[in-house]
Amino acid sequence: MGDIGMPTATLGGSTETKSPSRNKLFLGTFIHSKTLTELEYLHNAAVAVNSLGTIVAVSPDTDLAKAQTTILPQLSWLSEDTEIIVAKPGQFFFPGFIDTHLHASQYPNVGLFGNSTLLDWLNTYTFPLEASLSSLPKAQKVYSRVIRKTLSHGTTTAAYYATIDVPATNLLADLCLSSGQRALIGRVCMDQLGPSYYLDESPAESLTKTKQCIEHVLTKDPKMELITPIITPRFAPACSAPLMKELGQLAKETDLPVQTHISENKNEIALVASLFPDAGDSYAEVYDMFGLLTPKTILAHAVHLTEKEADLVRERRSKVSHCPCSNSAITSGAARVRWLLDKGIEVGLGTDMSGGYSPSVLEAARHAVLVSRHICMDEGRSEERDKLSVEEVLYLATRGGAKVVGMERKIGGLEVGMEWDVQLVGLHEVGDEEEEEDGGEEEGNVDVFGWESWEEKVAKWVYNGDDRNTKKVWVRGRLVHERR
Ligand SMILES: O=c1[nH]c(=O)c2nc[nH]c2[nH]1
């Protein structure tokens, strides 16, 4: 990083991301992914979190009385100032969701795509909106709202695309810092294909502006405790060969993550083949030629990858963001998640707003289940095992996503040493009708009658849950959303 004058990750000294958090003791039911196919249920458990937001103890079968005599005295850092948060019966703590692909700048367009497909959707809906966010008041309005909305749906980490505009991209980073959402922030690089009013003028300008955004983040959060800059070539058709070469070199020099799109739509793939004839009809090879397929690269969509391309992605240890809502909405296709997983490729979920119509990773999870069933129903492919289970899509939404953004040691699960990025989920327990008419908490769409197993409650949440079930959200131990 030295040659571009950026503070290095070892400089330290940021105060902005260190919230004056208290030590916390959480009590109740905790659920998280143990493996791809298995959730772990910890009932009557206690989890202690220090003032930096790190989990320091996980203790099953521990009520408040037991915690006071066992956990608290053992942990010298726990002062009288410890905040105690008890989940109500029926509520559970679950790792925050990780949205591995979304365009913050496109949030006002969620649900607006008509019958378009990728290339005409970009021209009709997307580029004009993104360009308009060079107005900082407009960017402030849109970015504040998308952060608030995604937090309210339990998204504790988001891999954001902003726009080509430097001040607006930096504003997105600042707003994530102040709102407490963990984020990867990418200034969009594109020097061709877009309209003349929305293009980097040259590869050199694109590179300079990208470095300015990286520098901004590293000045505000030198240790990348909450915000990480991410190199963002929009997609191969929008980036000239010289630009991709520069960005590949930048990725190598800085060891920063990269995000882009791949093999989303058949017309897009044909365009890539015509623009990069040397890549032998391989979209993945185009990125590889320029050093952009790294172990820290997030490839969104990957709907139509060939066997050879998937092997290359696996070899490079690049990651895939599966965006089922978007793939259905703008008619891109059905990504074969089981096939990717079988190859050993790490997969997470992306809402891909606004190709995707929803800010909810839970919606992406249930859509992933349904798309996997369509793959299963395809003629000649009726493989039962193509189906994704509730447990598997929750893994993709948490631990899988954590691997995709390179933070699997920090987030995605509830283990000692990990950071407390967690949502408190509450489902409506059907009780006395009269009492219910008196009001009380918002019900939401999930009704629990009392005879369901915990596995059934979780399935009901996945298929019918929404932000009304997300009662509280913490990032690094800081409360960042509370439903009133
Ligand atoms: O879903 C998508 N959204 C975008 O903004 C985009 N740009 C290139 N390719 C894209 N795909």
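Okay, hi everyone. Let's start with a sorting rule: Ala, Val, Leu, Ile, Met, Phe, Trp, Tyr, Cys and Pro count as nonpolar, Asp, Glu, Lys and Arg as charged, and the others, Gly among them, as polar. By that rule, the shell around the ligand here has 3 nonpolar, 5 polar and 3 charged residues.

Before I go on, two bits of housekeeping. What you see is a predicted model, where local features need pLDDT of at least 70, side-chain atom pairs count only at pLDDT 80 or more, and totals for chains, interfaces and linings use all residues. Residues are numbered from 1 along each chain as its sequence is written.

So, which residues surround the ligand? They are His103, Leu118, Leu122, Thr126, Arg234, Phe235, His261, Glu264, Ser326, Asp352 and Gly355. A residue is near a molecule if its C-beta atom, placed from the backbone, lies within 6 Å of it. Helix α3, residues 118-132, gives the largest share of that shell, 3 residues. When I say helix or strand, I mean DSSP runs, numbered from the N terminus: H or I with at least four residues for helices, E with at least two for strands.

Let's zoom out. The chain has 16 helices and 20 strands. Its radius of gyration is 22 Å, close to the 23 Å that the globule rule gives for 484 residues, so the chain is as compact as a globular protein of that length. That radius is taken over C-alpha atoms, and the rule is 2.2 Å times the number of residues to the power 0.38. Along the principal axes, the C-alpha atoms fill a box of roughly 70 × 55 × 40 Å.

How much of the chain is buried? Of the 484 residues, 51% are. Buried means that 20 or more other C-beta atoms lie within 10 Å of a residue's own, exposed means 12 or fewer, and partly exposed is in between, with C-beta atoms placed from the backbone.

Now helix α8, residues 266-275. Glu268, Ile269 and Val272 are buried there. They cover an arc of only 100 degrees around the axis, which puts them on the same side of α8. The arc is that of the directions from the helix axis to the C-beta atoms. On the face turned away from that side sit the exposed residues Ala270 and Ser274. Covering the buried residues of α8 are, among others, α3 and α9 (283-289); contact here means C-beta atoms, placed from the backbone, within 7 Å.

Next, strand β19, residues 470-475, where 5 of the 6 residues are buried. Strand β16 (residues 422-425) runs antiparallel to β19, joined by 4 bridges, and Gln423 stands opposite Val473. For two strands to pair, DSSP has to find at least two bridges between them. β19 also pairs with β20 (residues 478-482), again antiparallel, over 4 bridges, with Val475 opposite Arg478. Those two strands form a hairpin with 2 residues between them, and Arg476 in the turn has a positive phi of about 50 degrees.

The peptide bond from Met353 to Ser354 is cis, with omega near 5 degrees, and Ser354 is in the loop between β15 (347-349) and α13 (361-377). Asn44, in strand β2 (residues 38-49), has a positive phi near 45 degrees without being a glycine. Because Asn44 has 14 C-beta neighbours inside 10 Å, it counts as partly exposed. Okay, that's my tour, thanks!

Conventions. Contact = placed C-beta atoms within 7 Å.
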